[in-house]
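Student: I'd like to go through this structure with you and check what the terms really rest on. Can we start?

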Amino acid sequence: MVFSSLLFLFRFLPAVILAYYAVPRRFRNGVLFIGSLLFYGWGEPVYITLLLFSTAVDFVHGKWIGKFLRQGRRNSARCLVLSSAVINLSLLGFFKYAGFVTETVNRLTGAGLSVLSPALPVGISFYTFQTMSYTIDVYRGKARVQDNIVSFGAYVSMFPQLIAGPIVRYSTIAEELDGRRESMEEFEAGVKIFLIGLGKKVLLANPMGELWLQVQGASADGTVVMAWLGILAFGMQIYFDFSGYSDMAVGLGRMFGFHFPENFRYPYISQSVTEFWRRWHISLGTWFREYVYIPLGGNRKGKGRQAANIMIVWLLTGIWHGAGWNFLLWGCYFGVFLLAEKLIWGKWLEKLPAALRVFYTLLAVFCGWVLFAHENLGEGLEYFLRMAGGGGVPFISGRTVYMAFTSLPLLLAGALCSTPAAAWAANRAGAWAPVKFGIPILAAGLFILCTAYLVNAGYNPFLYFRF
Amino acid sequence: MNIWKKFGVSAVFLSCLLLGFLASAVLPDRSFSQTENRYLQQKPAFSWEGLTDGSYGEAYEAYLGDQFPFRDRFVELKTAAERLLGREDINGVYFGKDGYLLEKFDRENVETELAEKNLKLLAAFLESESGRLGEDRVRALLVPSASWILREKLPFLAAPYDQGEITDRLVGLLGGSRLLTDGEAALRECRDEEIYYRTDHHWTVLGAYEGYRAWALSAGFVPWEREDFERETVSRDFYGTVQAKVNWKTEPDRMERWTPGRQISYQVFYDGSGEDRGSLYTESALETRDKYRFYLDGNHGLTEIRTEGASDGDGREAEAGRRLCVIKDSYANSFVPFAVNHYETAFVLDLRYFNGNLGEFLERNGITDILVLYRIPGFAAEESLWKLERAVSYEYGSEVAKEKDL
């Protein structure tokens, strides 16, 4: 199930809110756990078993690690951490990367292995990372062992962040898992964040996606400007899609008394690529820093080692986004930028005016999106070529002008909403009494508009009398 | 008031969720959507099997979407919001000037592999048939759709695909345009008149008349003049397919019937049936949503029309023994009533529903004249033109030989 669907909004969510607040506090994690399993199993019930398996494995591992630590057997505990990581990574490896690996081996060696391609279980990249964080945090003494399997199950399967993050580390919400206090103020704040996220996803990300599709479809009429327009739309789509989803997750969490970490902080106003990665998908970056970069030695073991560590983390970040060479290359691309900013041009980048620094960052990031968007590297290169005007591609055409003109309001809205300006203006206006009074009305309007967009997606006239 | 300011958003949000939940649970389900012209998903029956393989979930989501309360209003709201945001086309439809809704076609919609294949099939067919019947007797008329002819009606800056490129390609394949009727030029000349519907993808009867006129002139016979017909309006509330694609309220279209002002009568037989319908028009279709079926009863695989009192525009009686075959899509449905005035017998073939051997058919019925009539985007996407190949590879004379044997 996805948040931006009629099923979620008008069936699942009201039922869960009702059940959650109707039962006594001690049963609430149970409601969340069962609700989350339903949420997860709606599309592919088979993979509920996978989720339950993952939950059980790490619950037991956690308990034993705790026990060994109490007995002072650190090495045994360490082995268990390793075993938990191996199991989780094997799951992820099998379901997400088996196809990619076998295909690559076949291509390199001609071994003729049968290509494994199990259907990718939704959210597996997120929940395996979450459960791993639990055993590691317990081992490091950063979190207490969870003795209640329902509470632990609620953490692993928590539907608000189950399928698209943020990746909530166990230590972040360990306390809230058993001792949170819901309140109407929190609920109100949660609804607001949720609605903003829904609006980002439905009103901005989806139309941007349509524009990107249009540009892709028009490749025979492609122009330089159209190629740039397309990648701009793609970058906007992926940002609003992802950050909209994260907002909805954070908002839903607040409705149930949880505080999930912020996942995006206006990445498109960053003044360097390094800064961009501090603002983009923050929970993933934090995870890799905590569990990979720092354990590898971080920056404490000399420049060479640090450079290697950075490259490792960004290769992993790349491949985490998808099993494909383009994602690996995409990660590598950013690793190189980060190193270069650290070692080569960071110093004189700082001397440039802020506007130029933002321009440089956006250029780097959106060129990166070309790699990200094309799983086929050849097509990606072709797209780059078109952006550069190579191969006799015309600069602009009537069709390009029309496309740009009719999507101008959308692009402007997107640009505005990817800076703090929109939120700032909204807050300023919201301080004014009449506007403040009207906020719930505006919220209703936003929600109804989103509903209209969702309903329209199923508007599907059958034109049997077409020709 | 304080409570409203503090908790108003929650209150409104929860009310919306609850209202949506209740309304969709309580309001009766509809079985058919008039605007979409299709049956709506009904509540799926629950089964464990369906639940575990996901089919129940899928059907349930479709059900929720199809039966959502005030669904059509929501669709209108979305369209209105998009137009407000500067969109000039939605769902492949331009919102043109003067209430025109025009289908939007871009290069990738028309210049497909299938289109290239169709062009080659058509060129081969035209060449072999003109070789057999004579160059004056075989014509193809490919009609551009409204968005290419009525460019003045398009929204600001719209840059539609030049559908003439398809005709040019055909000219290239044939090595000349002698077998083609230039529909584009004929229609462009009277683009200030109502030659296309505002809400439908077809040309109007007037548009069809202009196409007919161009065909007659290119094939070397005298067309009837506009004054030779009595024009009457048969419907004033026609909403066509293009309107259905966007569900946007515009003024409905007017449909006409042009009746010859001379003594003439028709016998009409559909799909090889021996029953004479006696008319080129189906009045009952005007009572339904699919009003365009009024012309020639919509699409039949084979229609045979015998005309009593056929003559050319200058009054010269139709030459005995001339028999016309029109191979066509629905653009011909309002066109054929003009063509049949020149022939004692005419056959109309819609290849989508005609499954016989075309060559054998042409020979057995003694066809002497052929017209291939399609709308260009429809032609590009037509999947039944391979049947033309049957006529190209057919050995003419075998039917005659068989008859001699008997």
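Student: What makes strand 12 (residues 323-328) of chain B largely enclosed by the rest of the structure?

Tutor: First, bear in mind that this is a predicted model. A residue is called buried if 20 or more other C-beta atoms lie within 10 Å of its own. Five of the six residues of strand 12 of chain B are buried, so the strand counts as largely enclosed.

Student: How do you know that strand 12 of chain B pairs with strand 13 (residues 345-349) of chain B?

Tutor: The cut-off for pairing is at least two bridges. These two strands have five bridges, in the parallel sense, so they pair by that rule. One spot to look at is Val326(B), which sits opposite Val348(B). Strand 14 (residues 369-375) of chain B also pairs with strand 12 of chain B, again parallel and over five bridges. There, Lys328(B) stands opposite Leu373(B).

Student: Over in chain A, how do you know that the length of helix 2 (residues 28-41) agrees with what it should span?

Tutor: At 1.5 Å a residue, its 14 residues should span 20 Å, and the end C-alpha atoms are 20 Å apart, so the two agree.

Student: And why is helix 2 of chain A called mostly covered?

Tutor: Count the buried ones: 10 of its 14 residues, among them Phe33(A), Phe39(A) and Tyr40(A). The cover includes helix 1 (6-22), helix 3 (48-70), helix 6 (149-157) and helix 7 (159-162) of chain A.

Notes: Residues numbered from 1 in each chain as written. Chains lettered and ligands numbered in written order. Predicted model: local features only at pLDDT ≥ 70, side-chain atom pairs only at ≥ 80, totals over all residues. Helix = DSSP H or I, 4+ residues; strand = E, 2+ residues; numbered from the N terminus. Expected span 1.5 Å × (residues − 1). Buried ≥ 20, exposed ≤ 12 C-beta atoms within 10 Å, placed from the backbone. Contact = placed C-beta atoms within 7 Å.
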